[in-house]
Amino acid sequence: METLDARGLSCPEPVVMMRQALFEKPTAARMIVDAVAARENVTRYAKSQGYDVAVTEGDGEWTLDVTRA
């Protein structure tokens, strides 16, 4: 699974990146973010599209593993 690096990006860029990734490979995607707003917005978007989201925190960053529910 490819990891999308959205560190340093402000919304809506991370959401747009996740949308594109799920369009290209609709089964799963992984993204690293460093902003609370990006974590919340990407999670909200993925769940609204029927995906499960597992969030792992470390060193002020979050890894979002998005998988088809």
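Helices here are DSSP runs of at least four residues, numbered from the N terminus. The model is a predicted one.

## Helix H2

H2 covers residues 36-48. The helix has 13 residues and reaches 18 Å from its first C-alpha to its last. That is close to the 18 Å expected at 1.5 Å a residue.

Which residues of H2 are buried? They are Ala38, Val42, Thr43, Tyr45 and Ala46. An α-helix has 3.6 residues a turn, so residues three or four places apart point the same way.

The face turned away from the buried side carries Arg44, Lys47 and Ser48, which are exposed. What do the buried residues of H2 pack against? Their partners are helix H1 (13-24), strand S2 (28-33), strand S3 (51-58) and strand S4 (61-68).

Leaving aside neighbours within four places in sequence, Thr43 is in contact with Val53, Val55 and Leu64.

Glu40 also has its place in H2. Its relative accessibility is 38%, so Glu40 counts as partly exposed.

## Helix H1

H1 has 12 residues. From first C-alpha to last, H1 reaches 17 Å, close to the 16 Å expected at 1.5 Å a residue.

The buried residues of H1 are Pro14, Val15, Met18, Ala21 and Leu22. Seen down the axis of H1, they fall within an arc of 125°, so they line one face of the helix. On the other side of H1, the exposed residues are Val16, Arg19, Phe23 and Glu24.

The buried residues of H1 pack against strand S1 (3-5), S2, H2, S3 and S4. Ala21 gives an example from this helix. At a relative accessible area of 16%, Ala21 is buried. Not counting residues up to four places away in sequence, Ala21 touches Leu4 and Ala29.

## Where the helices meet

Two packed helices are described by the angle between their axes and the distance between the axes. H1 and H2 pack at an angle of about 35°. Their axes are 9 Å apart. Is the crossing of H1 and H2 left-handed or right-handed? The crossing is right-handed.

From H1, the residues that take part are Pro14, Val15, Met18, Arg19 and Leu22. They meet Ala38, Asn41, Val42 and Tyr45 in H2. By class, this contact has seven nonpolar, one polar and one charged residues.

Several names now come up again. Pro14, Val15, Met18 and Leu22 are among the buried residues of H1. Ala38, Val42 and Tyr45 are among the buried residues of H2. Arg19 is among the exposed residues of H1, and Arg19 also meets H2.

Most residues other than glycine have a negative phi, and most peptide bonds are trans. Asp59 has a positive phi of about 55° although it is not a glycine. Asp59 is found in the loop between S3 and S4. Its relative accessibility is 82%, so Asp59 counts as exposed.

Where is the cis peptide bond? It joins Cys11 and Pro12, and omega is about 15°. Pro12 has its place in the loop between S1 and H1.

## Sequence and space

| Pair | Apart in sequence | Apart in space, C-alpha to C-alpha |
|---|---|---|
| Glu40 and Tyr51 | 11 residues | 14 Å |
| Ala21 and Glu61 | 40 residues | 20 Å |
| Asp59 and Pro12 | 47 residues | 23 Å |

Asp59 has the positive phi, and Pro12 takes part in the cis peptide bond.

How values were computed: Residues numbered from 1 in each chain as written. Predicted model: local features only at pLDDT ≥ 70, side-chain atom pairs only at ≥ 80, totals over all residues. Heavy atoms only, no water. Helix = DSSP H or I, 4+ residues; strand = E, 2+ residues; numbered from the N terminus. Expected span 1.5 Å × (residues − 1). Buried < 20%, exposed > 50% of the residue type's maximum accessible area, 1.4 Å probe, protein only. Contact = heavy atoms within 4.5 Å. Axes fitted to C-alpha atoms, helices over the stretch in contact; angles between N-to-C directions. Left-handed = near helix turned anticlockwise from the far one by under 90°. Nonpolar A, V, L, I, M, F, W, Y, C, P; charged D, E, K, R; others polar. Arc of directions from axis to C-beta.
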